[in-house]
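Colleague: I'm new to this one and would like a hand reading it. Could you take me through a few features, general idea before the case?

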Amino acid sequence: MKRRILWSLVALNVLLAVTLAARLTGENAAAAQPAAGAGGVRRPADYTMIPGEVTGGSSAVVYMIDTSNGLLGAMTYDDSNRALNTMPPIDLSRVFEVGGGQAPRGTRVAPGAVAPGR
């Protein structure tokens, strides 16, 4: 009886030693998830939400920027209709390619101001 227990404990220790050796000497390589275009799963977007107010209106608005896909959207709550109004998303890459429509900066001076060097 004692001999059987002794040999089973020896066998268990050998098994544990082999498992430990395999664990320490095995390759520990990590692989990243493939991109969405390469047939991989598309990752969830990162959102930035900014509260704001509508000029000339009585309600507030929440602007949502999808930083992963470059989209801007907005939502507002209408108390009278008890409805959530949404704005269709805007592609920010197109907006930044075209520009904001401001006049280019140059030597023009604001009315009533004196130009430098005069």
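**Helix, hairpins and a loop**

Modeller: Let's start with I5, which sits in helix α1, residues 2-25. Helices (H or I, at least four residues) and strands (E, at least two) are DSSP runs, numbered from the N terminus. Bear in mind that this is a predicted model: local features need pLDDT of at least 70, side-chain atom pairs count only at pLDDT 80 or more, and totals for chains, interfaces and linings use all residues. Residues are numbered from 1 along each chain as its sequence is written, and side-chain values use heavy atoms, with hydrogens and water left out.

Colleague: Is I5 buried or exposed, or something in between?

Modeller: Buried means under 20% relative accessible area, exposed over 50%, and partly exposed in between (1.4 Å probe, protein chains only). I5 counts as partly exposed because its relative accessibility is 46%.

Colleague: Now the strands. How many bridges join β2 to β3?

Modeller: Two strands pair if DSSP finds at least two bridges between them. Here β2 and β3 run antiparallel and are joined by six bridges, with V61 standing opposite T76 in β3. Strand β1 (residues 47-53) also pairs with β2, antiparallel, over seven bridges, and there M49 faces M64 in β2.

Colleague: And which residue is the bridge partner of D78 in β4?

Modeller: That's A83. β3 pairs with strand β4 (residues 83-91) in the antiparallel sense, over seven bridges. As a general idea, side chains in a regular strand alternate between the two faces of the sheet.

Colleague: What should I look for where the hairpins turn?

Modeller: Look at phi. The β1 and β2 hairpin has six residues between the strands, and G56 takes a positive phi near 80°. In the hairpin of β2 and β3, with four residues between the strands, G70 has a positive phi near 70°. The hairpin of β3 and β4 also has four residues between its strands, and R82 in the turn shows a positive phi of about 50°.

Colleague: Where does N69 lie?

Modeller: N69 is in the loop between β2 (60-66) and β3 (71-78). With 36% relative accessibility, N69 counts as partly exposed.

Colleague: Which side chain does N69 join in a polar contact?

Modeller: A polar contact is a pair of N or O atoms within 3.5 Å; within protein, one must be able to donate a hydrogen and the other to accept it, and residues adjacent in sequence count only if both atoms are side-chain atoms. For N69, the partner is the side chain of D66, at 2.9 Å.
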